[in-house]
Amino acid sequence: MPFRPRYTGLIDKYRDRLPVHDDTRIISLGEGNTPLIRLNNVPAQTGKDVDIYVKYEGLNPTGSFKDRGMTMAVTKAVEEGSRAIICASTGNTSAAAAAYAARAGISAFVLIPDGKIAMGKLAQAMMHGAVVIQIKGNFDAGMQLVKEVGKDAPVTIVNSINPYRLQGQKTAAFEIIEELGRAPDFHCLPVGNAGNITAHWIGYCEYSSASGDHVTEACAFCQGHCRFAGGAVVGNRPKMVGYQAAGSAPFMRGEMVDNPETVATAIRIGHPQSWDQAWKVSEESGGWFDECSDEEILAAQKLLAEREGVFCEPASATSLAGALRDIGNGKIPEGSSVVCTLTGHGLKDPDTAIKQSTTPVMTVEATLESVKSVILDNLA
Ligand code: F0G
């Protein structure tokens with residue numbers, strides 16, 4: 001069999017496009033390289049001729065896209081001599097911070113909204129030995145506190161306001177282009193803090209720039225951290241579409257939302273940190289923002305699980321829920337290729353999954369006869 005080098009994570013793979021040195025100690029868990037799955041059954045249901053792919057970021061080591069950013073943020077924190085990291089989180093960032101801090105041998109402090117994070121995420125932060133601080137407030141309050149604490153405490157903030165986070169996350173766009181051979185026509189993402197939609201845009205811009213397209217405008221996103229800080233291009237890039245949960249949709253309201261609510265707790269955010277950047281992404285790419293109700297989000301989550309065998313958490317399904325609506329109404333035209341990012345794994349939030357499942361769990365006698373009769377009654 002031909003020798004294929006072991007995949008060792010996205011920093012190793014995209015080293016020449018990331019702000020690391022030859023001797024930087026890389027803190028990695030083998031993140032990135034996630035599957036881009038072409039949906040087989042769902043597109044037919046739309047009655048339209050579209051190609052829909054899902055980028056299954058739930059298959060990262062801690063089960064969400066946050067690992068892409070965290071490998072960079074923790075690598076740089078360690079390089080800069082930091083002994084502790086801190087973040088506010090709706091759950092996934094705290095899980096990733098806890099895991100990468102454990103890997104690096106440094107401390108992690110995570111602020112989470114009391115009672116409002118999914119059980120799997122809390123379990124992860126606890127198992128990896130983070131100091132878990134539940135605050136009697138929401139994510140936005142936690143974010144404010146973290147920014148204050150970060151001013152004088154000896155801790156590195158690893159929320160997406162840390163520019164290295166977006167540098168790591170931009171690699172998802174590289175992977176998509178490499179796999180499809182071009183950018184998709186539309187890239188749909190769930191939006192909370194709006195870091196990920198911004199990071200993807202950085203990735204698409206850089207990739208087109210690297211492939212020699214004409215440089216026509218300044219890259220306003222990378223804060224000088226990308227290799228192409230001088231310019232980005234208009235070229236082979238998708239329209240970026242951001243979907244929010246209706247109860248937490250500041251981009252739709254056009255202003256911050258003080259008491260965000262949604263079943264998709266990962267995106268229960270009313271004061272997005274990357275507000276200006278995300279508006280710019282939308283404008284530059286020719287995309288848009290929209291919102292989905294909790295019912296639409298849960299229906300899309302279930303549809304993916306039942307019809308495609310792909311299990312994502314509720315927030316992640318927002319991308320598909322919105323895309324299906326916009327394919328239906330023609331905003332995404334026939335003939336388009338669409339990538340929907342599935343940001344986190346369904347196992348993160350088993351409570352919501354079980355609550356909405358309509359499939360009965362049957363309890364029967366442990367006999368051949370009772371098992372056979374269930375099978376006969378339920379054959380499709
Ligand atoms: N999907 C999931 C599963 C998330 O966990 C998040 C953000 C998003 C989407 C939105 O991404 O903030 O870059 O627009 N979760 C953060 C956290 C806030 O703390 O885990 P964004």
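Guide: Strand S3 is joined to strand S4 (residues 107–113) by five bridges, and the two run parallel. Strands here are DSSP runs of E with at least two residues, helices are runs of H or I with at least four, and both are numbered from the N terminus; two strands pair if DSSP finds at least two bridges between them. Between S3 and S4 the chain passes through helix H4 (residues 92–104), and this β-α-β crossover is right-handed (with the strands pointing away from the viewer, the path from the first strand over the helix to the second runs clockwise). Within S4, Phe 109 is the bridge partner of Ile 86.

The model is predicted, so local features need a pLDDT of at least 70 and side-chain atom pairs count only at 80 or more, whereas totals for chains, interfaces and linings use all residues. Residues are numbered from 1 along each chain as its sequence is written, and side-chain values use heavy atoms, without hydrogens or water.

S3 also pairs with strand S6 (residues 156–157), in the parallel sense and over two bridges. Here Ile 86 stands opposite Ile 157. S3 itself spans residues 84–88, and five of its five residues are buried (under 20% relative accessible area with a 1.4 Å probe, protein chains only; exposed is over 50%, partly exposed in between). Ala 84, Ile 86 and Ala 88 are buried on one side of S3, and Ile 85 and Cys 87 on the other.

The interior can be followed through its nonpolar cores. A core is a set of buried Ala, Val, Leu, Ile, Met, Phe, Trp, Tyr and Cys residues joined through side-chain atoms within 4.5 Å. The largest one has 33 residues, and Ile 52, Cys 188, Leu 304, Ile 332 and Cys 340 have the most contacts inside it. Among the elements that each supply at least two of its residues are strand S2 (51–56), strand S7 (186–190) and helix H13 (314–328). H13 gives the most, with seven residues. Leaving aside residues up to four places away in sequence, Cys 340 touches Ile 52, Tyr 53, Val 54, Lys 55, Cys 188, Ser 319, Leu 320 and Ala 323 (contact means heavy atoms within 4.5 Å). A second, separate core of 29 residues includes Leu 10, Tyr 53, Trp 201 and Tyr 204.

Eight aromatic pairs are found in the whole structure. Rings of Phe, Tyr and Trp (its six-membered ring) pair if their centres lie within 6.5 Å; planes under 30 degrees apart are stacked, over 60 edge-to-face, and the rest tilted. Tyr 14 and Phe 174 are edge-to-face, because their ring centres are 5.1 Å apart and their planes stand at 65 degrees. Both Tyr 14 and Phe 174 are buried. Phe 251 and Trp 275 are stacked, at 4.7 Å centre to centre with 25 degrees between the planes. Phe 251 lies in helix H10 (residues 250–253) and Trp 275 in helix H11 (residues 275–285), so this pair ties together parts that are 24 residues apart in sequence. Ring pairs link Phe 251, Trp 275, Trp 279 and Phe 289 into a cluster.

As to confidence, the protein chain averages a pLDDT of 93, and 93% of the residues score at least 70 (pLDDT is the predictor's confidence in each residue, from 0 to 100). Over residues 212–218 the pLDDT is below 50, and over residues 226–234 it stays under 50. Where pLDDT is low, the predicted coordinates should not be read in detail.
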